[in-house]
Amino acid sequence: MLRRNFLKGAGIGVAATAVAAPAIAQSSPELNWRLTSSFPKSLDTIFGAAETFANYVSDATDGKFKIQVFPAGELAPGLEAANEVAKGSLEICHTCSYYYWGKDPTFAFGTAVPFGLNSRMQNAWMYHGGGIELMNEFYAGHNLYGLPCGNTGAQMGGWFRNEIKSVADLKGVKMRIAGFAGKVMSGVGVVPQQIAGGEIYPALEKGTIDAAEWVGPYDDEKLGFYKVAPYYYYPGWWEGGAYLHIMINNEKWNALPKSYQSIVKAAAQATTADTQAKYDFLNPTALKKLVAGGAKLKPYPQDVMEACFNSATAAYEEISATNAPFKKAYEAMAAIRADQYLWFQVSEHTFDTFMMNQQRKKQL
């Protein structure tokens with residue numbers, strides 16, 4: 001009797017599941033999106049981040065949501081990726097928000113701004129301080145929805161053909177440097193140039209430019225800058241924690257089922273953590289190889305750092321006076337920055353400084 005009742009109940013459950021299945025299927029459509037990257041395929045870290053993201057999305061949806069990744073130039077020029085997505089020519093791209101500084105300086109806050117936040121502070125702002133919501137309020141006006149999708153950590157300060165001993169040595173230097181950082185550098189005499197990653201080496205080799213910033217040791221070694229511009233400076237004060245971004249056409253984003261939206265958000269956040277971990281793992285070995293190969297590693301002189309900081313402060317004030325979205329983002333970032341550097345002085349800085357001193361004493 002009990003067995004008959006159990007089987008009867010189980011049969012009802014099976015039937016109910018069978019009825020519900022079509023509704024579940026309808027909420028998980030099969031989608032095939034094309035993603036254009038702003039980066040060449042040779043950069044397995046940055047270009048690879050988009051592939052990591054696409055794999056996460058596919059795996060989490062049992063292959064129903066596929067995103068095919070294309071390198072810069074195949075579907076769109078590297079610096080036009082988000083513009084093509086905004087027009088609806090493509091569904092999604094993987095890019096740097098600050099590449100679109102020319103449309104509106106507010107785009108810079110999606111990647112990194114001069115003397116701004118390190119990567120952990122960026123995460124605090126974006127994921128818990130309302131940064132993602134604030135930026136998407138801005139992106140919506142450009143028919144885009146954006147999410148952080150990769151972080152390089154603090155970057156290097158660039159490659160120079162000639163040594164920089166003081167601010168005076170920057171006068172007239174033609175430097176590949178993007179967006180907001182270019183404006184700040186122009187304030188100390190640099191002539192900024194915006195060039196896509198794959199075009200930097202030829203420009204340095206031909207002397208079209210005198211200097212270039214890219215990312216850090218691992219990527220820079222792959223691009224071979226040390227062969228034509230041996231002076232390697234640090235820190236990259238304009239990118240203390242530089243985000244990569246996925247940018248999605250706003251209509252396409254809004255049409256996604258909520259479950260897919262959640263998967264995309266989770267995949268992008270996981271890719272952010274994975275990308276920085278990869279850089280942290282690879283950069284030390286690459287830096288040793290660069291120095292062994294002839295790169296001349298040098299810190300920016302103190303007067304250069306001070307002059308650039310003052311130029312950045314003036315630029316923030318100038319743009320904020322005429323651009324309300326920029327002012328809103330700057331004030332939000334600056335509030336986070338003030339609190340975070342108070343905290344990091346107590347925690348991270350104290351610990352890291354002690355351990356670095358142990359290393360200098362050959363204890364590590």
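In strand E10, Ile-246 is the bridge partner of His-94. The model is a predicted one, in which local features require pLDDT of at least 70 and side-chain atom pairs count only at pLDDT 80 or more, while totals for chains, interfaces and linings use all residues. Residues are numbered from 1 along each chain as its sequence is written, and side-chain values use heavy atoms, with hydrogens and water left out.

Two strands are said to pair if DSSP finds at least two bridges between them; strands (E, at least two residues) and helices (H or I, at least four) are DSSP runs, numbered from the N terminus. E3 also has a parallel partner, strand E1 (residues 31-37), to which 3 bridges join it. There, Leu-35 stands opposite Ile-92 in E3. In a regular strand the side chains alternate between the two faces of the sheet. In strand E3 (residues 92-95), Ile-92 and His-94 point one way and Cys-93 and Thr-95 the other, and all are buried. Here buried means under 20% relative accessible area, exposed over 50%, and partly exposed in between (1.4 Å probe, protein chains only).

A further set of strands forms an open sheet. Its 6 strands follow the order E7-E6-E8-E5-E9-E11, with mixed pairing. Strand E7 (191-193) and strand E11 (296-299) are the edge strands, each pairing on one side only. Within this order, strand E5 (residues 158-160) and strand E9 (residues 231-234) are antiparallel and share 3 bridges; Phe-160 of the pair stands opposite Tyr-231 in E9.

These strands sit within a protein of 13 helices and 11 strands. Its C-alpha trace spans about 90 × 50 × 40 Å along the principal axes. Of the 364 residues, 49% are buried. Among contacts (heavy atoms within 4.5 Å) between residues at least 6 apart in sequence, 77% join residues at least 24 apart.

Ser-58 counts as buried because its relative accessible area is 19%. Apart from neighbours within four places in sequence, Ser-58 is in contact with Gly-63, Phe-65 and Lys-66. After H2 comes Asp-62, whose phi is positive, near 55°.

Trp-253 lies in helix H9 (residues 250-255) and is buried, with a relative accessible area of 5%. With neighbours within four places in sequence set aside, its contacts are Tyr-145, Ile-248, Gln-261, Val-264 and Lys-265. The C-alpha atoms of Trp-253 and Gly-146 are separated by 9.6 Å, although these residues are 107 apart along the chain.

On a 1 Å grid over the protein atoms alone, a cavity is a set of points where a 1.4 Å probe fits but cannot get out, and a pocket is an open set with protein on both sides within 12 Å along at least five of seven lines; lining residues have an atom within 4 Å of a point. Grid points are joined across faces, edges and corners, and a volume is the space filled by probe spheres set on the points.

The largest pocket holds about 1500 Å³ of space. It is lined by 41 residues, of which Asn-118, Ala-154, Gly-240, Asp-352 and Met-356 are the closest to its centre. Helices H4 (119-128), H10 (258-292), H11 (302-320), H12 (324-346) and H13 (348-360) each give two or more residues to this lining, and H13 supplies the largest share, 8 residues.

The whole structure contains 3 cavities of 30 Å³ or more. The largest cavity has a volume of about 80 Å³, and Cys-96, Tyr-98, Gln-155, Val-215 and Glu-239 lie nearest its centre among 14 lining residues. The second largest cavity, of about 50 Å³, is lined by Phe-109, Ala-112, Val-113, Gly-116, Leu-117, Gln-122, Trp-125 and Met-333.
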